[in-house]
Structures are given as structure tokens and as C-alpha cells.
Amino acid sequence: MITFEIEHIKKLKQQDQNAFNQFYLQTVDMFFRYINANYFIGKQDAEDIISDFYVKFWEGVTSYKEDQSFTAYFRTIFKNTIKDFFKKNSDTPFTQLQTNEE
């Protein structure tokens, strides 16, 4: 499990670019693995979801309350981003969905 020091979280809340880069490097592989293990979507869609997450995270991290779990905070944003992706793409016909064999 990934843990973040309080000082790092404070820097994220202050929109520190280096702290964000470090957060990105620590989490991006975890997000790709999660999507690949749980959803049958293409690489481009996975990249779109993850990039949308980082935009939402960057815009919303200033409102993070330090008495909450930081891991739960960013995972909630991530899961909501996945839900938003499927809501936007709910009209995709079943025949266009990819499988792991492709």
C-alpha cells in the first residue's frame, strides 16, 4: 500500500508541482494495474481515464481535509472518474468492446 507523509500532502494542497510529479510517479502504475485487472477496455481508454483522474485530482486536492484518509480521498476520485468514463461511453455497442485477447 502506498503511504504519503503529511508534509507531502500539504505540498499537494498548495499545488506544488514537484509534489504532484512525485504523487504521479507513485500512483500511475497502480491505476493502470487496477484498470487492466478489472475492466476490458483498450489502452487508450485506460490512459484517458487516468489522465482525467490526474486533472480532477489536481483541481480538487486543495479542498482535501487533512482529518480524512488521503488514500481514500484519491481512490474515491479515481473510482468516480472510472464511473464517469462508463457513463459517457454507455452507448458503446457490445461488439466494439475489447477483450484481453486482442
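Helices (H or I, at least four residues) and strands (E, at least two) are DSSP runs, numbered from the N terminus. In these terms, the chain has 4 helices and 0 strands, and its elements follow the order α-α-α-α from the N terminus on. The structure is a predicted model, in which local features need pLDDT of at least 70 and side-chain atom pairs count only at pLDDT 80 or more, while totals for chains, interfaces and linings use all residues. Residues are numbered from 1 along each chain as its sequence is written, and side-chain values use heavy atoms, with hydrogens and water left out.

**The chain as a whole**

- Of the 102 residues in the chain, 32% are buried (under 20% relative accessible area, with exposed meaning over 50% and partly exposed in between; 1.4 Å probe, protein chains only).
- The chain exposes about 7100 Å², of which carbon and sulfur atoms supply 50%; such areas come from the Shrake-Rupley method with a 1.4 Å probe.
- Among contacts (heavy atoms within 4.5 Å) with a separation of 6 or more, 64% join residues 24 or more positions apart.

- Two packed helices are described by the angle between their axes and the distance between the axes.
- Axes are lines fitted to C-alpha atoms, for helices over the stretch in contact, and angles run from 0 to 180 degrees between N-to-C directions.
- Helix 1 (residues 6-13) packs against helix 2 (residues 17-38) at an angle of about 115°, and their axes are 8 Å apart.
- Helix 1 contributes His8, Lys11 and Leu12 to this contact, and helix 2 contributes Ala19, Phe20, Gln22, Phe23 and Gln26.
- The residues of this contact comprise 4 nonpolar, 3 polar and 1 charged; Ala, Val, Leu, Ile, Met, Phe, Trp, Tyr, Cys and Pro count as nonpolar, Asp, Glu, Lys and Arg as charged, and the others, Gly among them, as polar.

**The loop between helix 1 and helix 2**

- Gln15 lies in this loop and is partly exposed, with a relative accessible area of 28%.
- Most residues other than glycine have a negative phi.
- Gln15 has a positive phi of about 65°, although it is not a glycine.

**Helix 3 and helix 4**

- The axes of helix 3 (residues 43-60) and helix 4 (residues 70-88) cross at roughly 130° and come within 9 Å.
- Helix 3 is therefore oblique to helix 4 (angles under 35 degrees count as roughly parallel, over 145 as roughly antiparallel, 65 to 115 as roughly perpendicular and the rest as oblique).
- The contact of helix 3 with helix 4 has 11 nonpolar, 2 polar and 5 charged residues.
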